[in-house]
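Please read the following dialogue with the sequence and the model at hand.

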Amino acid sequence: MKKETEDAKQKRNFDKVNKRAQETFQRLNRKNRIQQLCLLLVMMFFLGLFAIRLLPGNYQSYAEKNQKYTTQIEQLELEKAAILSGEKEAATGNFKETLDKNLANLKDYPEKNDLYTVEIRNTNASIRLNRNNLFVSDNANMLNKETKKKIYDLNKQLAASTNGAQLQVVTVPALPSGESIESYAEKIFNQLGIGNKDEDNGVLYLIALGDQEFRLEVGYGLEGLITDSTADDIISDDDVVEAFEDKKYDAAVSQVVDDVFNIMNSKTALVDSQIAAITRTKRNNQLLYWLQIIILSIGILLLAGFLISSLRGRKLMKQYYQEFQTDLETFQRGRSTQEKAARIIKIKKTSFYYLMMAGIGTIWSAGQVKNAVKRGRILAKYPKAKKQSLGRILVGDTLYGYNGDVITTAYLASHYNPSNHSDSGSSGSSGGGSWGSFGGGSSGGGGASGGW
């Protein structure tokens with residue numbers, strides 16, 4: 001009677017393990033099939049989009065647009081050459097007449113200052129602007145009246161002869177905490193909106209006296225004219241640097257703004273701006289077309305990789321399950337109670353049993369299955385083990401990772417223990433001028449930095 005009771009207990013134990021194994025296998029197999037089907041469908045969708053992008057008609061449309069932009073640029077280059085050679089007048093008419101006429105409508109340099117303060121967003125600093133001369137913000141008191149007037153007059157000429165181009169000079173005693181000359185120049189530029197909003201044709205010359213650094217920040221629309229190398233040549237000129245070293249700040253700033261102004265106020269400024277705009281459009285057209293193809297190609301390769309990885313994981317899971325079933329069949333053929341008991345112990349040491357203990361939700365790779373087996377082995381060995389986030393397991397004061405490796409043997413005192421963490425919290429606008437205001441332009445990040 002005692003033997004029958006022990007056999008019945010073993011039989012119940014066997015049935016319980018077998019049922020759980022079947023349910024786990026069916027669940028993982030079903031989820032894995034759905035997962036692979038979804039990956040396959042998405043990959044086919046990407047393949048379809050990829051094929052559409054490569055259709056002769058689509059490529060021909062892209063090539064025709066590209067050729068149209070190329071033709072427009074070539075025509076504008078010919079127009080520019082004709083203007084420079086004197087064969088053709090600028091599109092605005094006689095350059096000097098237009099300049100003189102527009103300048104007559106602009107006010108002279110105002111003697112009186114009308115200062116106000118602008119807080120520069122995302123910094124702990126501010127700058128002073130003069131409503132009567134927006135284009136000089138001399139916070140470091142480096143420039144004399146003549147230099148400020150010169151910058152004002154240059155901007156008057158830009159207003160008369162260009163489509164909203166503006167040249168701004170800002171001096172500061174030192175850079176704000178946490179700001180580089182590049183980051184601070186870009187923030188000032190974009191907050192003030194230097195240059196025309198549509199043309200992005202502004203230029204900022206920022207000088208940090210205490211840091212002995214300067215930066216020429218160029219609007220996106222002028223990057224074709226004032227390239228990074230051109231900007232570097234202007235501000236790093238030997239005479240400019242030497243003037244700064246000798247504290248002849250007016251001479252240094254005057255030379256820089258003259259060089260910049262000569263480029264901005266060119267007779268071909270309008271044509272140059274059109275060439276830059278079309279070149280940018282052409283480049284964006286090329287970038288968009290090939291970027292789509294590259295993204296689709298990468299997506300297809302990634303999806304194919306996930307699919308292959310999932311198939312390998314499923315194959316390994318099936319292998320473990322077949323080995324598990326073999327042990328179950330051996331149990332059923334066992335005759336003695338001791339033999340069956342030994343077989344049950346062996347079954348609970350199989351890879352698939354450990355996989356059940358780990359309790360993974362779905363299979364993505366063979367590596368994931370192997371790591372789950374390692375975690376299951378730990379859980380089987382230590383019944384009081386606790387599952388943590390990210391697949392980690394805590395056994396006493398020892399923390400194991402998702403791959404079964406020991407992360408730390410002093411969990412309670414480590415930074416992995418959430419109870420050891422403590423949360424800590426922390427608790428302007430551009431103005432009008434005597435004859436205008438900043439135009440809302442933005443910086444493209446181009447330009448050059450230097451120092452003395």
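This is a predicted model: local features need pLDDT of at least 70, side-chain atom pairs count only at pLDDT 80 or more; totals for chains, interfaces and linings use all residues.

Q: How many salt bridges does the structure hold?

A: The general idea is a pairing of a side-chain nitrogen of Lys or Arg with a carboxyl oxygen of Asp or Glu, within 4 Å. The structure holds six such salt bridges.

Q: Which residue forms a salt bridge with D114, and where do the two partners lie?

A: D114 is joined to R131, with 3.5 Å between the closest N and O atoms. The pair links distant parts of the chain, 17 residues apart. D114 belongs to the loop between α3 (95-104) and β1 (115-119), while R131 belongs to the loop between β2 (126-130) and β3 (136-138). As for accessibility, D114 is partly exposed at 33% relative accessible area, and R131 is partly exposed at 31%.

Q: Which parts does the salt bridge between D138 and K148 tie together?

A: The side chains of D138 and K148 meet at 3.8 Å, N to O.

Q: Is D138 buried or exposed?

A: The general idea is that a residue counts as buried when its relative accessible area is under 20%. D138 has a value of 6%, so D138 is buried.

Q: What can be said of the salt bridge between E179 and K187?

A: In this salt bridge the N to O distance is 2.5 Å. E179 is buried, with a relative accessible area of 14%, whereas K187 is partly exposed at 27%.

Q: Where does UniProt place the feature "transmembrane region"?

A: An annotation of this kind comes from a record, and it may be inferred rather than shown by experiment. The unreviewed UniProt entry places the feature at residues 37-55, 287-308 and 352-369. The model can then be examined over such ranges. Over residues 37-55 the chain is 89% helix and 0% strand, with the end C-alpha atoms 27 Å apart. Residues 287-308 are 100% helix and 0% strand, and there the end C-alpha atoms are 31 Å apart.

Q: Where is V169, and which residues is V169 in contact with?

A: One may begin with the element, then turn to burial and to the surroundings. V169 is in strand β4 (residues 166-172). With a relative accessible area of 0%, V169 is buried. Apart from neighbours within four places in sequence, V169 is in contact with F135, V136, S137, L143, I151, Y205, V253 and V257. One of these, V136, is 33 residues from V169 in sequence, yet the two C-alpha atoms are 5.0 Å apart in space.

Q: What is the phi of N122, and where is N122 found?

A: The general idea is that most residues other than glycine have a negative phi. N122 has a positive phi of about 65 degrees, although it is not a glycine. N122 is found in the loop between β1 and β2, and it is exposed at 71% relative accessibility.

Q: What is the phi of N141, and where is N141 found?

A: N141 also has a positive value, with phi near 50 degrees. N141 is found in the loop between β3 and α4 and counts as exposed, at 63% relative accessibility.

Q: How many aromatic pairs does the count give?

A: The general idea is to compare the distance between ring centres and the angle between ring planes. The count comes to 13 aromatic pairs. Among them, Y62 and Y289 form a stacked pair, 4.2 Å from centre to centre and with 10 degrees between the planes. Y62 lies in helix α2 (residues 56-85) and Y289 in helix α9 (residues 269-333), so the pair ties together parts that are 227 residues apart in sequence. Both partners are buried: Y62 has a relative accessible area of 9%, and Y289 has one of 3%.

Q: Why is the pair of Y205 and F214 tilted?

A: The ring planes of Y205 and F214 stand at 50 degrees, so the pair is tilted, and the ring centres are 6.5 Å apart. Y205 and F214 are both buried.

Q: Which residues do ring pairs link into a cluster?

A: The cluster consists of F25, Y321, F324 and F352, linked by ring pairs.

Technical notes:
Residues are numbered from 1 along each chain as its sequence is written. Side-chain values use heavy atoms; hydrogens and water are left out. Helices (H or I, at least four residues) and strands (E, at least two) are DSSP runs, numbered from the N terminus. Buried means under 20% relative accessible area, exposed over 50%, partly exposed in between (1.4 Å probe, protein chains only). Contact means heavy atoms within 4.5 Å. Rings of Phe, Tyr and Trp (its six-membered ring) pair if their centres lie within 6.5 Å; planes under 30 degrees apart count as stacked, over 60 as edge-to-face and the rest as tilted.
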